[in-house]
Structure formats: C-alpha cells, structure tokens
Amino acid sequence: MTKPLDGKLALVTGASKGIGAATAIALAEAGAHVVLTGRDVRALEQVEDQIHAVGGASTIAPVDLAESDGIARLATAISGRWDKLDILVISAAYLPALTPVTQIDGKQLSQAVTVNVLATQALLANFDPLLKRADAGRVIGLTSSVGETPRAYWSAYGSTKAAFDNLLESYAQEVEKISGVRVAIIDPGATRTTMRAKAYPGEDPQTVKPPQAVGSRLVELLVNDFETRHRERIES
C-alpha cells in the first residue's frame, strides 16, 4: 500500500479532538510522522492510539498555545530532533460566546485573540526556518466564513479569524519568492465538532459532515499539492 507522505514530518495544532485529530490520523495513515499538539494529554494519547492502529507514527507534544513561551519551547524541541518541517496544520481555535458587539466578554475576547491570532503569528515565526528547510514546506490554516463575511453575534470570533486570514495571506506573499513554502487557507464548512455543537446547540449533528471528511480533503490537497494562497471551502 503506497503512502504518499512517507518521510514527511507534520505538526498539527488542536490535534486532541475534532478536525485536528481527524487530520492528524489521516496524515499518519498517508505516511507522515505527525507531531500532535494540544492541552489534553489523555486525549492526545487516544489520538496516538488511533494512529498506531492504522500503522502510523506520531509524537505527542502537549502545549498550551495561550502560554507566552509555549510555542517557542515546542519549536526548540522539534528542531532538536528534526532538521525540517514539511507540513504545518493550524487547526486549534477558541470560540468565545456568541453575543452582540456591545456585550462581548473581555476575557473571552482576549483568549480568542491569544489563541487565534497571537499564537498563529508565533507558529509562523518559530517554524518558518524549519519550513524553509523542507523541499516543499506547506502550511494549512483552518479558517471560518465569519472571518471573511461578518455576521451578527459572531464578531468576537469572526474578527480574530479575519486577522488569522490576514496573517497567513501576508506570510504567503512574503515567502513566495524566497522559498518553496506554500500556504493554503481552508474553511472546513459545517462539520460535526464540539465547537460546532457549542455554536449550534439545537442542531442535529448527523446533518453535518464528520471531521474525517475534512481530514481526508486536507491530505488530498497535500498529496496533489496546491498553489500558494489557495483558498477553499469544504462543503462535503
């Protein structure tokens, strides 16, 4: 059985559940060695068990993206073991309560800015050297439609995703002519996740696609490759 990503090293944030976990498993099944990051060690261990069950390889690297030096320590640890990073999937995100702009909770907004914006910049800054050392470094950031199109009550989340998109788009332009690194911004669309259930508590989860559908599509994109600054919404 061919493994198109054999020999590749991938880092997935938010790998303990949902789309991050599904993507990590799909990457490992395709042959990549996957570094699993997240805060919940037990959940990461469960994902690693699933990776081993499909014959894949992974390394658990617990980290809280909200910690000021967590990402720098992660990059130091990875660079001490590997000389390059082929794939970076930025899946972790924080969803504040859905409220009017005038009622946004300051602490929740600060958490969203930290996880969705500041951590993204730190990931790009700290892993840029390793991505550039790869023959074809690839970055995939998972966004949301509310980042591009503002929606009532979603501003605390949507504004951070707009900034997230801007960071990734700017980084893509900055490295396009000086390296082989390419960047894709992917909107996973309606997906059966804990975050989705939090935002739509009355929705039947069986009416939306499972996270495995997103993970499979991301691996397909990586295997077939994409032009830098590729954007896509996954509908099914």
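User: How much space lies in the largest pocket?
Analyst: In this predicted model, the largest pocket holds about 1200 Å³ of space.

User: Which residues are closest to its centre?
Analyst: The largest pocket is lined by 45 residues, and those closest to its centre are Ser 91, Ala 93, Tyr 94, Thr 193 and Met 195.

User: And which elements give two or more residues to that lining?
Analyst: They are α1, α4, α5 (145-148), α6 (155-176) and α7 (194-199). The largest share, five residues, comes from α7.

User: Let us turn to α4. Where is Thr 114, and is it buried or exposed?
Analyst: Thr 114 has its place in helix α4, which covers residues 106-133. Its relative accessible area is 18%, under the 20% limit, so Thr 114 is buried.

User: What does the side chain of Thr 114 reach?
Analyst: It reaches the backbone oxygen of Ser 110, at 2.9 Å. If neighbours within four places in sequence are set aside, Thr 114 is in contact with Leu 65, Ala 66 and Ala 119.

User: What about Ala 125, where is that found?
Analyst: Ala 125 is also in helix α4. With a relative accessibility of 44%, Ala 125 counts as partly exposed.

User: How far apart are Ala 125 and Ala 77?
Analyst: In sequence they are 48 residues apart, and in space their C-alpha atoms are 15 Å apart.

User: Which residues of α3 are buried, then?
Analyst: The buried residues of α3 are Gly 70, Ile 71, Leu 74, Ala 75 and Ile 78. They cover an arc of only 130 degrees around the axis, which puts them on the same side of α3.

User: What do they pack against?
Analyst: The buried residues of α3 pack against β1 (9-12), β2 and α4.

User: How long is α3?
Analyst: Helix α3 runs over residues 70-81, which makes 12 residues. From its first C-alpha to its last it reaches 17 Å, close to the 16 Å expected at 1.5 Å a residue.

User: How many residues does α2 have, and how far does it reach?
Analyst: Helix α2, residues 41-53, has 13 residues and reaches 18 Å between its first and last C-alpha atoms, close to the expected 18 Å.

User: Which residues of α2 are buried?
Analyst: They are Ala 43, Leu 44, Val 47, Glu 48 and Ile 51. Seen down the axis of α2, these buried residues fall within an arc of 145 degrees, so they line one face of the helix.

User: What is on the face turned away from that buried side?
Analyst: That face of α2 carries the exposed residues Arg 42, Asp 49 and Ala 53.

User: Which elements do the buried residues of α2 pack against?
Analyst: They pack against α1 (18-29), β2 (33-36) and β3 (57-60). Strand β2 is also among the elements that the buried residues of α3 pack against.

User: What happens at the ends of α2?
Analyst: At the N-terminal end, Asp 40 caps the helix, with a side-chain oxygen 3.2 Å from the backbone nitrogen of Arg 42. Just after α2, Gly 55 takes a positive phi of about 80 degrees.

User: Which residues have a positive phi although they are not glycine?
Analyst: Tyr 153 is one of them, with a phi of about 75 degrees. Another is Asp 225, at about 70 degrees. As background, most residues other than glycine have a negative phi.

User: Where do Tyr 153 and Asp 225 lie?
Analyst: Tyr 153 has its place in the loop between α5 and α6, and Asp 225 lies in the loop between α8 (211-224) and β7 (230-233). Tyr 153 is exposed, with a relative accessible area of 52%, whereas Asp 225 counts as partly exposed at 31%.

User: One last topic: what does Thr 99 touch?
Analyst: Not counting residues up to four places away in sequence, Thr 99 touches Ile 104 and Tyr 153. Thr 99 is found in the loop between β4 (87-90) and α4.

Terms used. Residues are numbered from 1 along each chain as its sequence is written. Side-chain values use heavy atoms; hydrogens and water are left out. Helices (H or I, at least four residues) and strands (E, at least two) are DSSP runs, numbered from the N terminus. Buried means under 20% relative accessible area, exposed over 50%, partly exposed in between (1.4 Å probe, protein chains only). A polar contact is a pair of N or O atoms within 3.5 Å; within protein, one must be able to donate a hydrogen and the other to accept it, and residues adjacent in sequence count only if both atoms are side-chain atoms. Contact means heavy atoms within 4.5 Å. The expected span of a helix is 1.5 Å times one less than its number of residues. The arc is that of the directions from the helix axis to the C-beta atoms. On a 1 Å grid over the protein atoms alone, a cavity is a set of points where a 1.4 Å probe fits but cannot get out, and a pocket is an open set with protein on both sides within 12 Å along at least five of seven lines; lining residues have an atom within 4 Å of a point. Grid points are joined across faces, edges and corners, and a volume is the space filled by probe spheres set on the points.
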